[in-house]
Amino acid sequence: MLRYILSRLGQSLILLLIVSFIGFAVLTLAPGGPLSQFALSPGMTQEQIDKIAAQMGLDRPVVVQYFDWMSNLVVGDWGTSYRDGQSVLHVIGSHLFATLLLMGTATVISVSLGSTIGIFSALKRGSAFDYATTVFAMVALSIPTFWFGLIAIYFFSLNLGWLPAGNMYTVGDGSVLDYASHLIMPAAVLALVDVAIWSRYMRTSTLNVINQDFVRTAKSKGLPRRRVVLKHIVGNSLVPMITLAGLQLPMVLGGALVTETVFTWPGMGRLFLDSLGYSDYPVVMGLLMASAILVLVGNLAADLIVALIDPRIRLD
Amino acid sequence: MMTDEKKNSAHLNRRQTLMMMGAAGAAGLIGPMAIGRDRAFAANADPSGQLVLAFSQEPTVFNPLMPHIEVDEGLYYAVYDTLFDFDPSGEFFPILAAEVPSVANGGITADGLNWSLKLKEGVTWHDGTPFTAEDVKFSLELTMDPDFRSFRSTGYKLMENITVVSPTELTWTMSEPFAPMAAILASTYIVPKHVFEGVADKNDTVLNTAPIGTGPFKFKSRMAGDHIELEANKDYHMDGPFLETLIIKYVPDLNVMYTQFKSGDIDVIGLQYITPDHLEEAETLDGKVVKVAGTATFESIGLNMTRPQFQELAVRQALYAAIDKTSIIDALYYGVPTPTETYMPRQSYYYNESLPTHEFSIEKANAILDEAGWVKGADGIREKDGVKLAFSNSTTAGNHLREQAQQFIQQTFAMIGVQMEIKNFPPAVMWGDYWMNSEFDSVVVGLNTLAGADPDTSDYFMSTMSPALGGSGQNTFAYQNPKVDELLTKGAANFVPEERKAIYEEMQAVMRDDLPFLPMFQYAVIKGWKDDVTGPEPNVNNRIDTWNVRDWKRG
Amino acid sequence: MSSLTANTPARRPFIKSRALRRFLSHKLALIGLIMVLTLTAACFIGPFLLPYDELHIDLMARFAPPGTGGHIFGTDPLGRDIAARLFHAGQISMAVGFAVMIIATTIGSVVGVVSGYYGGKVAAVLMRIVDAFLSFPSVFLLLALAAFIQPGPVMIALIISATSWMEVARIVEAEVKSLRNQDFVQAAHMLGLSNRWIMFRELLPNAIGPIIVAATLTVARAILLEAYISFLGYGIQPPLPSWGNMLNGAQQYLQSAPWLAIIPGLAITIAVTGFNFIGDGLRDAFDSRAQGE
């Protein structure tokens, strides 16, 4: 077990190295740069821009900049944001809550709703309900999330005036109700795709379980149907879902990025776009690394949990 | 737009003020400063209430001497102070200075080379440390510190021998007379020397996270990506502040911002403001004041004057004639901005009113090109001596109104046999080397070429200021005109407003004839606030709304 | 040669016809096929039937609601006919989708077949790279790439491909790995056929089912991604229309001219749904395990 974890971690580190180098090279070699935003400021001169670039070390070769950045990263220094002079970890940390809140809420909605739909369609395979949810899932997977967000804003904010069109809370209010009213629309939009995915996987997983021996045994023992479903089928079909949760992380994170842009949600997605716009490379790189780490850890954790609860799986 | 009353009074006040700045011949004519905003240690009224001001960009650079953008200044005016500033009519008023230095009051010698500055007494920083002349000296010198990422060096590099005479007085000399120096000082925020003491890296001080100034509001907290909270500085050295809490909110989407203004979540709608398509509706909103205000930025099609297509005046004239300005302004911009023929804002004392007016005429444009010998090829594009009238046009991708105007211009240009290809870039690419080193053919750009109310624009139009031609300024159009060079040199060394006015009016006329850029309009923005808010006032001489936030009140 | 090819599992042509039959009996797949074909026809034939040019600006006619002045889908802020733009945009968006499919499927197949065939260190390295790409939220990577290149349909297709080939690689790798020890491969070895021949002529065709399914889903995904990056302004640039950049800017007029946002969004949804339906049908058709259901 320990060897497995270590080797997985080792592989992950190599992945992170590859990923970081690609990202760094793309950002640094691209035209433009963090100083171009000052070009239109009154009194700014090329001379001054060159001077600042030299002070920030931006005039050095990419490889040198990369090793400088990497060697700091190794000792836990993720660099300093070009934009506000704060440490990258602090900047990311200060946007983390908003993203986790959004992702968390959406995940709760999608897991509970998606699993329920999936189990019912599996139990009633071939029924109208099964068919309808299948079609729903396919369509939901096909709707552009950002567009769905726009349409939701059009109806619920602009036309009906029920919900706020953006931000996380009203300044000066910030009550739970206030948060909730801001959260409901982006979370629902983000959850839409995931409900579809979860329901599909849950359906497959449940079907696999239904056909297995122990379920037949349980049924033949004359256990009440309700009990069979709840205890044997649901419990066992949830196991593969944990792996799915790990695999879904990059999707949910990507989805959160999309949703945040439409709902002006002050999370990491918003931060990513802003940082990209200002060529704030340290923050962009930090977010790329943080998301990659999050995903790797998520996958690893999912695999371990499955191994722990399912004695049939052995990690080697 | 500025109110009529302001316009009428502007002229006299401006003349007075500018003369005070050091006009040799006019010395002695002028009395003490007319504007007395100084509280003179009277007890402050109790600040009360909260105000939410929204910007569509996020202020993030809290050290005002480091590279920053417009929106950051929105915070600086609340937290920091300058020595003095421009009011809407272009007149100076003192802030940290006891009086604005002038030849009349002996603050500047007649040759403009020796300055002495008196400061207010009893001013303290937000942390309680007394403010002294040492802080001013430190701030001015910090701009030239080789280890400090300084925002700019223009003007500062001419200052020599900055000497603290007493805690409230300092003097310096200039290596050459430089009329725009006062305007530069008017946008130099003073930072506290004591927070830099014992700090290894001057780029990394407490100012980056929790700014300390002498301004009307103290920094309280920042919720990154969302808002900044400021609280009243009850020991402020001028009248005000009248608000207990000032919240600067970041709403990245203009529609959301407008929706929140409409619903009342936002009290004052700031930078990037109300979009023109919402003007009509905004004006009908209950309980809201909505005002269209001119700014010092002008929109133009800038031409890269090193390109063979633009060498001939006839081409530039034809292109200008083929721009349907009226349709662009009235239809695309909902009539909000004002057409212009020059880079100088019409609110300026130096604005030349008698420039020839643009006329949109496809026939005329075609006639000019026919006469100049540009003939259409098989592809319908005009050509002369192997040069095709085809070029690219670039601007910031994502600026929708501008992209619309660009496509519209593309269509009218096609009608005169000119092919304009649109090649837009994200901001970081557009305004990087592509812009600075004149790698473009033509651009659509909004520029403010002035420093405050001073008319000097050498950085932008002097032939030695083009990075592409080996210079170091912002003359990215690579414009070279000996007459303009001569006028700019004359203007910057002249301290007499009337004489300067003549110089800069002539320069505007020369450039209108020469058309290194095709002027479109002077920017105007749509500001809005709740009707129980008083204080916000447009000021064409400052970059952002909060220039007088100390005066803002509720109720 | 021909004798050898005949020796490879005989199930291929057989499956093929059965797969086709299954596909045609799959209702959703048929609906998807009809959606995609209709939309494609509209995009390529529609422009010839419309009286308006997609680039013609008429400021007098701006913001015409759908159905007025001969504009079936209305006009945009420059008075251009939205229907004409939508169809042209569709050509570009779908071209991007198909280009991505071809590029991503090719890369994915090559990577998959090579690592599946050779196994060992080669596979370890290649599959780690696949994992590296998979471990990124691809939207982050896409935007980072798109923000710093000269955006055009070709570049956009290339960078979307760069984040879309991993799925195919995994599928092919798994398939090839399971096939490489079978008799017909051994026979090929004994006949002295080159590795390349075995990989691409013998093994790859056997994985064709899953590849086609993945390719179809890739088109859907690519259309969505193109729309998103163009929506954010980092993708295809105006005046060249794409479904995504038609939505860019529509947000501003959401209240006054909602059709600017609704119509291109519907087009995207229809196209993507169509491809997903087809992909689903193909999956069922190729999946021999699904036989019993």
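Visitor: What percentage of the residues in chain A is buried?
Guide: This is a predicted model, in which local features need pLDDT of at least 70 and side-chain atom pairs count only at pLDDT 80 or more, while totals for chains, interfaces and linings use all residues. Residues are numbered from 1 along each chain as its sequence is written, and chains are lettered from A and ligands numbered from 1 in the order in which they are written. A residue is buried if 20 or more other C-beta atoms lie within 10 Å of its own, exposed if 12 or fewer, and partly exposed in between, with C-beta atoms placed from the backbone. Of the 316 residues in chain A, the buried share is 47%.

Visitor: How many helices and how many strands does chain A have?
Guide: Helices (H or I, at least four residues) and strands (E, at least two) are DSSP runs, numbered from the N terminus. Reading chain A from the N terminus on, the elements go α-α-α-α-α-α-α-α-α-α-α. The count is 11 helices and zero strands.

Visitor: Which helices do the buried residues of H1(A) pack against?
Guide: The buried residues of H1(A) include A:Leu15, A:Val19 and A:Phe24. Contact here means that the C-beta atoms of two residues, placed from the backbone, lie within 7 Å. The partners come from two chains: helix H3 (62–74) and helix H11 (281–309) of chain A, together with helix H5 (120–134) and helix H6 (138–146) of chain C.

Visitor: Which element of chain A gives the most residues to the side that touches chain B?
Guide: The contact takes 40 residues from chain A and 45 residues from chain B. Elements giving two or more residues to chain A's side are helix H2 (46–56), helix H4 (88–123) and helix H10 (268–277) of chain A. With six residues, the one that gives the most is H2(A).

Visitor: On the side of chain C that touches chain B, how many residues are nonpolar?
Guide: In this contact, 18 residues of chain C meet 18 residues of chain B. Ala, Val, Leu, Ile, Met, Phe, Trp, Tyr, Cys and Pro count as nonpolar, Asp, Glu, Lys and Arg as charged, and the others, Gly among them, as polar. Chain C's side has one charged residue, six polar ones and a nonpolar group of 11.

Visitor: Why is strand E19 of chain B largely enclosed, and how many of its residues are buried?
Guide: Strand E19 spans residues 517–530 of chain B. The strand is largely enclosed by the rest of the structure because, of its 14 residues, the number buried is 13.

Visitor: Which residue stands opposite B:Val292 in E19(B)?
Guide: Two strands pair if DSSP finds at least two bridges between them. Strand E11 (residues 288–303) of chain B runs antiparallel to E19(B), joined by 12 bridges. Strand E10 (residues 268–274) of chain B also pairs with E19(B) in the antiparallel sense, over three bridges. Opposite B:Val292 stands B:Ile526.

Visitor: Is B:Asp385 buried or exposed?
Guide: B:Asp385 lies in the loop between strand E14 (382–384) and strand E15 (387–388) of chain B. Its phi is near 50 degrees, a positive value in a residue other than glycine. Because B:Asp385 has 7 C-beta neighbours inside 10 Å, it counts as exposed.
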